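This report describes one structure step by step for a reader who is new to the subject. Please keep the sequence and the three-dimensional view at hand while reading.

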Number of protein chains: 2
Amino acid sequence: MPTETLTIRQMCERFDVTPRTLRFYESKELLSPVREGTRRLFTRKDRARLRLILRGKRFGFSLEDIRQLLDMYDSHGSNEPQLLRTYDLARARLAQMTAQRAELDVAIGELTIQLAEGEAILASFRRTAAE
Amino acid sequence: MPTETLTIRQMCERFDVTPRTLRFYESKELLSPVREGTRRLFTRKDRARLRLILRGKRFGFSLEDIRQLLDMYDSHGSNEPQLLRTYDLARARLAQMTAQRAELDVAIGELTIQLAEGEAILASFRRTAAE
DNA sequence: CGTTACATTTACGTTAACGTCAAGCACCGT
DNA sequence: ACGGTGCTTGACGTTAACGTAAATGTAACG
């Protein structure tokens with residue numbers, strides 16, 4: 001049963017991140033690779049955590065938020081108050097994202113209108129130039 | 001015909017920004033209020049520009065982008081190459097925003113699913129506690 | 001043994017958009 | 001003259017998530 005650990009470089013290729021990023025995450029206690037002498041070896045567990053970290057980032061969570069979520073998640077998935085906090089954090093974040101989406105929609109709409117106006121002006125330039 | 005200039009404090013209240021922000025914008029050449037002695041007085045033109053600035057921010061433009069857009073806009077709305085650059089910048093930004101919205105949609109979808117799972121687990125806790 | 005390739009730690013640098021003092025005019029009413 | 005209020009300029013501080021450089025280590029290749 002090979003544990004199949006990865007070097008930092010292999011991790012970087014597999015997840016498209018830089019070494020600096022992995023070391024930074026370790027310093028922030030988001031990852032905890034084992035050591036072979038002085039070198040880091042990333043286990044299956046580290047890879048799982050990194051996947052969750054990257055997903056969290058896509059959600060727009062800060063690394064600090066993610067750390068708390070991860071800690072709560074696996075320090076005890078069976079601890080209700082902690083799970084509840086995780087849940088609330090996620091809900092709050094979802095609300096933010098929904099609001100952000102709404103604003104983005106408005107902004108896209110407005111900008112689209114602006115663009116149409118701009119295009120009209122440019123079109124008039126082209127007509128003038130054609131004389 | 002009252003030019004109706006505003007003090008910095010009045011501007012802040014009207015637009016919900018801080019004095020620091022207005023001075024910062026001036027230092028970045030986004031605004032250019034006149035002086036009465038040593039004090040700033042914001043004219044109608046400044047108010048119009050500030051409105052555009054705040055709108056640009058809602059669009060997600062950086063202040064530097066906004067400065068360029070404003071300069072191009074009123075340095076000569078009749079200069080075609082500059083107007084074209086403005087237009088291109090806006091189009092690029094719109095593309096970014098659209099992409100961002102797509103990602104946000106995906107993230108919202110995923111997070112919603114996660115929340116449903118979390119809720120299910122919490123529900124099982126409540127059933128256990130009810131025994 | 002020398003070089004190449006990859007690894008490590010330490011620590012300062014970067015970016016945007018302001019926040020937060022500090023020190024000091026300028027005028028107003030008393 | 002004095003206290004209060006509002007304004008001014010300077011200049012350093014803040015935040016997140018790394019980038020980047022320096023100095024060093026170590027393992028294998030030829």
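## Basis and confidence

The model is a predicted one, in which local features need pLDDT of at least 70 and side-chain atom pairs count only at pLDDT 80 or more, while totals for chains, interfaces and linings use all residues. Residues are numbered from 1 along each chain as its sequence is written, and chains are lettered from A and ligands numbered from 1 in the order in which they are written.

The term pLDDT denotes the predictor's confidence in each residue, from 0 to 100. For chain A the mean pLDDT is 89, and 95% of its residues reach 70 or more. Within chain A, confidence is highest in H2(A), at 97, and lowest in helix H4 (residues 63–75), at a mean of 83. Helices (H or I, at least four residues) and strands (E, at least two) are DSSP runs, numbered from the N terminus.

## The surfaces near the DNA

A residue is near a strand if its C-beta atom, placed from the backbone, lies within 6 Å of it. At least two residues of the surface near DNA strand C come from each of helix H1 (8–15), helix H2 (19–27) and strand S2 (39–41) of chain A, and from each of helix H2 (19–27) and helix H4 (63–75) of chain B. H2(B) gives the most to this surface, with three residues. By class, the surface near DNA strand C has four nonpolar, seven polar and six charged residues. In this classification Ala, Val, Leu, Ile, Met, Phe, Trp, Tyr, Cys and Pro are nonpolar, Asp, Glu, Lys and Arg are charged, and the others, Gly among them, are polar.

DNA strand D also has 17 residues around it, and Arg20(A), Ser62(A), Leu63(A), Arg9(B) and Arg40(B) come nearest. Here H2 and H4 of chain A, together with helix H1 (8–15), H2 and strand S2 (39–41) of chain B, each supply at least two residues. H2(A) gives the most to the surface near DNA strand D, with three residues. The classes there are four nonpolar, seven polar and six charged.

## The contact between the chains

Two residues are in contact if their C-beta atoms, placed from the backbone, lie within 7 Å. Chain A brings 26 residues to the contact, and chain B brings 26 residues. On the side of chain A that touches chain B, helix H3 (44–59) and helix H5 (80–129) each supply at least two residues. H5(A) gives the most to that side, with 24 residues. The residues of this side of chain A comprise 15 nonpolar, six polar and five charged.

The same surface serves both copies, since 96% of the contact residues of chain A recur in chain B.

## Nonpolar cores

A nonpolar core is a set of buried Ala, Val, Leu, Ile, Met, Phe, Trp, Tyr and Cys residues joined through C-beta atoms within 7 Å. A residue is buried if 20 or more other C-beta atoms lie within 10 Å of its own, exposed if 12 or fewer, and partly exposed in between, with C-beta atoms placed from the backbone.

The largest nonpolar core has 15 residues, and those with the most contacts inside it are Tyr25(B), Leu30(B), Leu31(B), Ile53(B) and Ile66(B). H5 of chain A and H2, helix H3 (44–59) and H4 of chain B each supply at least two residues of this core. H3(B) gives the most to this core, with three residues. Apart from it lies another core, of 10 residues, among them Met11(A), Tyr25(A), Phe42(A) and Leu50(A).

## Two loop residues

Asp16(A) is found in the loop between H1 and H2 of chain A. Asp16(A) counts as exposed because it has 9 C-beta neighbours inside 10 Å. Its phi is near 55 degrees, a positive value in a residue other than glycine.

Glu29(A) lies in the loop between H2 and strand S1 (34–36) of chain A. Phi of Glu29(A) is near 65 degrees, again a positive value in a residue other than glycine. With 10 C-beta neighbours inside 10 Å, Glu29(A) is likewise classed as exposed.
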